[in-house]
Amino acid sequence: MVDLLLYLFAAVWLIYAAYGAYWERRVKAEGDALPARVKAHEHDGMMYYPVLGYTYKGVYHEVRYHLGSRQKYAQGQQVPIRVLAARPEKPEIEGRTNRPAYLFSAFVGLACLAAGVWLALR
């Protein structure tokens, strides 16, 4: 029973890692490049999240960027972003990556998988 639970955890972590890496790569490869302006910043402790304002295909979007950083963008600063037509409300700032989170997720998923196999073979 415990090994099945570990397999389930492994699957969840590995799927998250794979989807995150896929999405980031897809936006960088197929996304349309355009400028955005930092309208404001929200902060959560020591992490800052810029609120980006941009127009994509005639529609204005204002979204809180999903990746926090200790770097505080200046209000009104222009930043280059990439946007997919399928999800224009989820931009990616050029040069920013969530790769450490995907690698950590893959590591945890592989560790759960290895622990499940080890328990099954014992």
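Trainee: Which helix supplies the largest share of the nonpolar patch?
Mentor: Helix α1 does, with five residues, a helix here being a DSSP run of H or I with at least four residues, numbered from the N terminus. This is a predicted model, in which local features need pLDDT of at least 70 and side-chain atom pairs count only at pLDDT 80 or more, while totals for chains, interfaces and linings use all residues. Residues are numbered from 1 along each chain, and side-chain values use heavy atoms, without hydrogens and water.

Trainee: What makes up the patch?
Mentor: Leu5, Leu8, Phe9, Val12, Trp13 and Phe104 form it on the surface, together with about 580 Å² of accessible area (Shrake-Rupley, 1.4 Å probe, only the protein chains shown as cover for residues). Members need over 30% relative accessible area and no salt bridge, with nonpolar side chains joined within 5 Å; Phe104 lies in helix α2.

Trainee: Why are α1 and α2 called roughly antiparallel?
Mentor: Axes fitted to C-alpha atoms over the stretch in contact, with angles from 0 to 180 degrees between N-to-C directions, cross at roughly 155° for α1 (residues 2-30) and α2 (residues 99-121), coming within 8 Å. Over 145 counts as roughly antiparallel, and the pair is therefore roughly antiparallel.

Trainee: What makes Glu24 and Lys28 a salt bridge?
Mentor: Their N to O distance is 3.9 Å, and the definition asks for a Lys or Arg side-chain nitrogen within 4 Å of an Asp or Glu carboxyl oxygen. Both residues lie in α1, four residues apart, about one turn of the helix, and the structure holds five salt bridges.

How values were computed
Helix = DSSP H or I, 4+ residues; strand = E, 2+ residues; numbered from the N terminus. Parallel < 35°, antiparallel > 145°, perpendicular 65-115°, else oblique. Patch = residues over 30% accessible without salt bridge, like charges linked within 9 Å, V, L, I, M, F, W, Y side chains within 5 Å.
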